[in-house]
Amino acid sequence: MARITYQLVRAIVALLIAGLGLLTLAQQAGSLGPWWLELSRYLPYPALLGPALLALLLSCALGWRWVTASGVTLGLVTTLAMGWAWGRPDTGGAPLRFMTYNVKAYKAVLRTGGFEALAREVALHRPDILVTQDNHGISHAQGAVVWSAAQAFGMPHAFAIDQYVVASRYPLRDCALGRLDDRGLAQAYVRCVVDVNGAALDVVSAHFESPRSGLNAARREGLEGAGDWRQNFDDRLAQAQALARDLRVRRSGARPLIVAGDLNAPESSPVIRALLGLGLRDAFSSAGRGYGFSYGHALRPGFSFLRIDHVLVSGEIGVVDAFAGGAQASDHRPVIADLLLRTH
């Protein structure tokens, strides 16, 4: 009986180590794969951390080699799978604080003090340039506060269209809405040129298709919902690829570029890799510390477990630090990046 129990425990531990190890490494590939691989990138981290801890616990009955293998697997999960970053800050250049924030303004309309809470979060971080998404309902009045693009953030320059706002302490010009396809404003992005002390900077803000409907279909219907999830992912990937193509055509090669927003995908996803292919890098991965989760606290788990809001910068821009802000004012935490604008 003891021999059978030992073999069973060993088989369970081996299965957990192999499964978690292969899944974690596959997630980092960033290439197109089976539908479930992209789905796994959206799992709350306890779904991976729990089995890894179980393997480590069970391995204690198997000897030090199994304990070592389980410990390595746990390390892979807590670093690669969960998106741990230990960046290295850059040096040299003029400081510039950038912030992206999905404000969910249509929900702020329904909460007493909702707009004020958003404004406090922005004021706390004092960005030089702010881009926000989901500004539907932004013109509503709440108490004595009028939520408008020009007044909400206390900045002298602002541009607002559809769900987007770009607000800045520096002058804006050539702001426009760019379409990702012909299906309407929901599939659009905003772009502006920001003049920062004589240096011109291209700023783009985008909000890709939400994974919510696809995730719900997969969760409720299992394999029958896989088709909905695949379509949901394909739409998001098509938006990223269309934006990348558009930026290649429109971008002036002489200007630094920031692409930011609620991109609804983790960095390992092909969605983000499509934009990184432009020569961009993720600010949090470059200089942030920890996980930087920006989404999940408003869902049933009650804690942030995904980093789907991003600040991506071109090589002409240094990164000193990047971090996620507070969770009180919106379903998304803002992402703040301390940048260095290198002028020539």
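User: What makes H3 and H4 roughly antiparallel?

Analyst: This is a predicted model, and in it helix H3 (residues 46-59) packs against helix H4 (residues 64-81) at an angle of about 165 degrees, with the axes 8 Å apart. Angles over 145 degrees count as roughly antiparallel, so H3 gets that label relative to H4. As for handedness, H3 passes H4 in a left-handed crossing.

User: Which residues make the contact between H3 and H4?

Analyst: From H3 you have Leu48, Leu49, Ala52, Leu53, Ala55, Leu56 and Ser59. H4 brings Trp66, Val67, Ser70, Gly71, Leu74, Val77, Thr78 and Ala81. The test for contact is heavy atoms within 4.5 Å.

User: How does that contact split by class?

Analyst: The count is 11 nonpolar, 4 polar and no charged residues. Gly counts as polar in this scheme, so Gly71 of H4 goes in with the polar ones.

User: What makes it a cavity and not a pocket?

Analyst: A cavity is a set of points where a 1.4 Å probe fits but cannot get out, whereas a pocket is an open set. The lining of the largest cavity is made up of Asp282, Ala283, Phe284, Arg307, Asp309, His310, Val311, Ala322 and Val335. Helix H10 (283-287) and strand S14 (309-313) are the elements giving two or more residues to that lining, and S14 has the largest share with 3 residues.

User: Which classes do the residues of that lining fall into?

Analyst: They divide into 5 nonpolar, 1 polar and 3 charged. Asp and Arg count as charged, so Asp282, Arg307 and Asp309 belong in the charged class.

User: And what is there to say about the largest pocket?

Analyst: Its volume is about 650 Å³. The lining of the largest pocket has 25 residues, and Leu215, Asn216, Arg219, Leu299 and Phe305 lie nearest its centre. Helix H7 (residues 212-221) gives the most to this lining, with 6 residues. By class, the lining has 13 nonpolar, 6 polar and 6 charged residues.

User: Where does H4 come back in, for the second largest pocket?

Analyst: H4 has the largest share of that pocket's lining, with 3 residues. H4 and helix H9 (270-276) each supply at least two residues there. The second largest pocket has a volume of about 420 Å³, and of the 25 residues lining it, Leu80, Ala81, Met82, Gly83 and Ser268 are the closest to its centre. Its lining has 14 nonpolar, 7 polar and 4 charged residues.

Key:
Residues are numbered from 1 along each chain as its sequence is written. This is a predicted model: local features need pLDDT of at least 70, side-chain atom pairs count only at pLDDT 80 or more; totals for chains, interfaces and linings use all residues. Side-chain values use heavy atoms; hydrogens and water are left out. Axes are lines fitted to C-alpha atoms, for helices over the stretch in contact, and angles run from 0 to 180 degrees between N-to-C directions. Helices (H or I, at least four residues) and strands (E, at least two) are DSSP runs, numbered from the N terminus. Angles under 35 degrees count as roughly parallel, over 145 as roughly antiparallel, 65 to 115 as roughly perpendicular and the rest as oblique. A crossing is left-handed if the near helix is turned anticlockwise from the far one by less than a right angle, and right-handed if clockwise. On a 1 Å grid over the protein atoms alone, a cavity is a set of points where a 1.4 Å probe fits but cannot get out, and a pocket is an open set with protein on both sides within 12 Å along at least five of seven lines; lining residues have an atom within 4 Å of a point. Grid points are joined across faces, edges and corners, and a volume is the space filled by probe spheres set on the points.
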